[in-house]
Amino acid sequence: MSAEGPPPPAGPRRLPGRPPVPVRTKTGVVLLHDEASGNAYTVRLKLTKEVHLLRNAGDEVTISVEYLRKAPSFLKLPLGSPGPPSAHSSRASSPLFDSGLHLNGSSSHTAPSSPPSPVANEPKYEKRWLDAWSVPLSMARISRYRAGAETLRPDAFQVVALDGVSSGLLQFPSTQEHAGWLRAVSANISDLTLQTMEMTNKCCSPCDQVVHMGWVSERLEEADRSQTFRPTFLALKGPSLYVFCTPPVSILDWVRAEKTYNLCEVLFKVDKPQLPDACCSRTNLGFRDPDFGDQGPHCFSVQVGRGGSHSFSVELGSELAEWEARFQRATFMEVQRTGSRTYVCSWRGRTLCLTVDFALGFTCFDSRTKNILWRYKFSQLKGSSDDGKGRVRLLFQNLDTKQIETKELEFQDLTAVLHCVHSFMAAKVASVDAAFMDSQSVTREFMHSS
């Protein structure tokens, strides 16, 4: 236990027949357990004048502690600025403070004190936050997952800083308190991430801007088919989706990504929650109801070339909606920047090329002679099918005869080609009717303010 308050006198006081006891202000911690709810509460005790009473109370002391139900809402108020960090604090100021009652010292960083005591010599008291330890929120992440499990904690989470410093498990007495703090901490992390993005974009060209980035949990499947989760940092920057183990803190870090994918060749997909019929109402999805916690997890997948896929989850429904919207925006911007993409293909032993063009649609030509074999607009594509390996069948409507014409092609990476076609067609529709894409959003209607 650490000593706080005014420094002790020059020498300890001695009572007859008792060892000397220093006159100091002590800080103690007691863990209270509520048998009704199973919750545990940590209470920090400040002993000032009481130390004199305890010193003279004999060999046995009984302390009665009463739980004040109004205390949580009272402690949530910003009662003052944090004082100087204690000896146990290793980081800068943080919103994670423990409330305490302090003797008024010489510090100028305290809140206005209470009315003066009638007795001039008695100490004056004031309320302020105690900075027990701090966790920097810039590039920090939040986790509600239980260790080694796929389930989420309903009333607790932890905050992990960029350098690995953790807040420890923060448990709340009610779901409402948990939801409020979860959204508040998440909002602060998002604001700081946005500031980092703005600084990064000042050093990047207009065609290589960061559109969105942040922490997600990636689902990994082990050899024994068990599932584990790991924190992963995703970023949408310029033409690519970046996958990092740790966030990039400088321009040089962007070349150290674990994986990169071209945005035109990936497909973002929101995973709808698999809930029982009785629980499928939108209010139970954790997106809207302010009186209940965000139920989660909120999952999405990113399908990449050659049949690969990544599964991710985020803590809040609003985060999922933000990722969906930013993915669409980044993909549309990349389609408009590139204008077209060409893929080598074949049919009946003949080497061909298929160009997907934002303005012209589909064009197939001979790779050797460059002669155009056929051309169709996006609006003429009426259907498609594939064998799951490399062959695709495209159904186009002839504008003159109104008949359906079938074109079959084979590609080395069919998945990338199909994703590219989807990206170009979605961007084309969005350029004509932006409201259409909003209507297709799975999470847009659930998005709520943090």
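Among contacts in the protein between residues at least 6 apart in sequence, what percentage join residues at least 24 apart?

1. The share is 51%, with contact meaning heavy atoms within 4.5 Å. Keep in mind that this is a predicted model, in which local features need pLDDT of at least 70, side-chain atom pairs count only at pLDDT 80 or more, and totals for chains, interfaces and linings use all residues. Residues are numbered from 1 along each chain as its sequence is written, and side-chain values use heavy atoms, leaving out hydrogens and water.

2. For the overall picture, the protein has six helices and 22 strands; these are DSSP runs numbered from the N terminus, helices being H or I with at least four residues and strands E with at least two. Of its 450 residues, 36% count as buried (under 20% relative accessible area, with exposed over 50% and partly exposed in between, using a 1.4 Å probe and protein chains only). The protein exposes about 26,200 Å², and carbon and sulfur atoms supply 53% of that; the areas come from the Shrake-Rupley method with a 1.4 Å probe, and for residues only the protein chains shown count as cover.

3. Now the inside. The largest nonpolar core has 28 residues (a core is a set of buried Ala, Val, Leu, Ile, Met, Phe, Trp, Tyr and Cys residues joined through side-chain atoms within 4.5 Å). Helix H5 (414–432) is one of the elements that supply at least two residues each, including also helix H4 (317–338) and strand S17 (350–357). H5 gives the largest share, eight residues. Apart from this core lies another, of 20 residues, among them Leu241, Val302, Val314 and Leu320.

4. Leu354 is one of the residues with the most contacts inside the largest core. Leaving aside neighbours within four places in sequence, leucine 354 is in contact with residues including Arg341, Cys345, Phe362, Trp374 and Phe411.

5. The whole structure holds 16 aromatic pairs, where rings of Phe, Tyr and Trp (its six-membered ring) pair if their centres lie within 6.5 Å, and planes under 30 degrees apart count as stacked, over 60 as edge-to-face and the rest as tilted. Tyrosine 376 and phenylalanine 396 are stacked, because their ring centres are 4.1 Å apart and their planes are at 5 degrees. This pair links strand S19 (residues 372–376) with strand S21 (residues 391–397), across 20 residues. Both tyrosine 376 and phenylalanine 396 are buried. Elsewhere, Phe268, Phe300, Phe312, Trp323 and Phe327 make up one aromatic cluster.

6. Two charges sit over rings (NZ of Lys or CZ of Arg within 6 Å of the ring centre and within 35 degrees of the ring normal). Arginine 141 lies over the face of tryptophan 215, 5.7 Å from the ring centre, and lysine 428 has its charged end over the ring of phenylalanine 358, 5.0 Å from the centre.

7. Strand S7 (residues 156–160) is largely enclosed by the rest of the structure, because four of its five residues are buried. S7 pairs antiparallel with strand S6 (residues 141–143) over three bridges; pairing needs at least two DSSP bridges between two strands. Isoleucine 142 stands opposite valine 159 in S7. Two bridges join S7 to strand S8 (residues 170–171), also antiparallel, and alanine 156 has glutamine 171 in S8 as its bridge partner.

8. Finally, cysteine 204 sits in the loop between helix H3 (175–201) and strand S9 (210–221). Cysteine 204 counts as buried because its relative accessibility is 16%. Not counting residues up to four places away in sequence, cysteine 204 touches Gln209, Lys237 and Ile251.
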